Each structure stands twice: as C-alpha cells, then as structure tokens.
Amino acid sequence: MPTALRLLPALSRDHRERLMTLAKEVSFPADGRIFEAGGTADRFWVVRSGTVSLYQRVVADRRISVATLGPGDLLGWSWLFPPHTWDFGAEAFSPVRAYEFDAARVRALCDKDPTLELSLTRTIGAILAHRLETTRETLIEHYARHGGSG
C-alpha cells in the first residue's frame, strides 16, 4: 500500500502559502479529546508534533482505534462535506501541537480560488482513500483476532 499523502506538501507552494495565512497554532494535552463522532465539524488540523488516535465507537462503552496520526497528517475532513459532522472521534495520544484551520474561512478562500478548491479537494480525496483502506484493514484484523466479540 502506498504511504499516506501529506496535505501541505501535496499543495503547490502558492496554495500552501494561501492556506497557511489562515493557520492558527494550537495544542492538545495527552489523552485530551479533540472531537467526538456526530459533533459539528467546523475546523481541521495538520499535526505538527505528537500523535492522535482516531477511533470508532462499536458499542456505547467500547471503541476501536482505527488510525494513528502523526506529524504532517491531516486531522479532520468532515468539515469539507455536508452535513459537516465528524464521522470518527479523535483523542491526543501524546501532547500534540497542530495548525488549526477554521472551516468556514477555508471554504470562503476556496470560493474565491477554484484552483485551490480543486487541489485541496483532490488531495483530501486521496488522503481519504488511503485512510479508508487502512481503516478497513484495521477492522478486519480486529475482528479476525477477537471473532467479532469486542
């Protein structure tokens, strides 16, 4: 399987610079919840340092980690697609520093620059395709090990 695509290096220099004008530096403590599935997806992040666990709840009190994200990885894509709600939950596995982007401001920038929108959408689409494949493999492995019983 090909390695994961990184959002910022995949964009042209001009598009990357324009997007970065909207970046805000943030941090999350270890074990801090970043977002929950079903919540409003009004922002996204590019991880600068640390690790983030993406998880899916399988029953009310049980969740499965489906991906671990690290430096350079995109955290959050639901902001791009209506109804703009998170599909997964995310938690900082270690202290995390990240660039945070306000979704409404990024969408407004894309409305003014269709080539940026196309580039961003194609890149995030490629990231999603890779994540979908790794999530599928993770879930298959989990259920093969546990026989579907948690």
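The structure holds ten salt bridges, each being a side-chain nitrogen of Lys or Arg within 4 Å of a carboxyl oxygen of Asp or Glu. The model is predicted, so local features need pLDDT of at least 70 and side-chain atom pairs count only at pLDDT 80 or more, whereas totals for chains, interfaces and linings use all residues. Residues are numbered from 1 along each chain as its sequence is written, and side-chain values use heavy atoms, with hydrogens and water left out.

**View A. Salt bridge between Lys 24 and Glu 100.** The closest N and O atoms of Lys 24 and Glu 100 are 3.7 Å apart. This pair links distant parts of the chain, with Lys 24 in strand E1 (residues 24-28) and Glu 100 in strand E8 (residues 96-102), 76 residues apart. Strands (E, at least two residues) and helices (H or I, at least four) are DSSP runs, numbered from the N terminus. Lys 24 is partly exposed at 48% relative accessible area, whereas Glu 100 is buried at 11%. Buried means under 20% relative accessible area, exposed means over 50%, and partly exposed lies in between (1.4 Å probe, protein chains only).

**View B. Salt bridge between Arg 33 and Glu 36.** Here the closest N and O atoms are 2.8 Å apart. Arg 33 is partly exposed, with a relative accessibility of 44%. Glu 36 is also partly exposed, at 29%.

**View C. Salt bridge between Arg 63 and Glu 91.** The N to O distance between these two side chains is 3.0 Å. Because Arg 63 belongs to strand E5 (residues 62-69) and Glu 91 to strand E7 (residues 89-92), the pair ties together parts that are 28 residues apart in sequence. Arg 63 is partly exposed, at 26% relative accessible area; Glu 91 counts as buried, at 15%.

**View D. Network of Lys 24, Asp 42, Arg 43 and Glu 100.** Salt bridges with shared partners join these four residues into one network. Lys 24 and Glu 100 are the pair of view A.

View E. Val 46 is buried, with 4% relative accessible area. Apart from neighbours within four places in sequence, Val 46 is in contact with Leu 7, Leu 8, Gly 72, Asp 73, Ala 98, Tyr 99 and Phe 101, where contact means heavy atoms within 4.5 Å. Phe 35 is eleven residues from Val 46 along the chain, and the C-alpha atoms of the two are separated by 14 Å.
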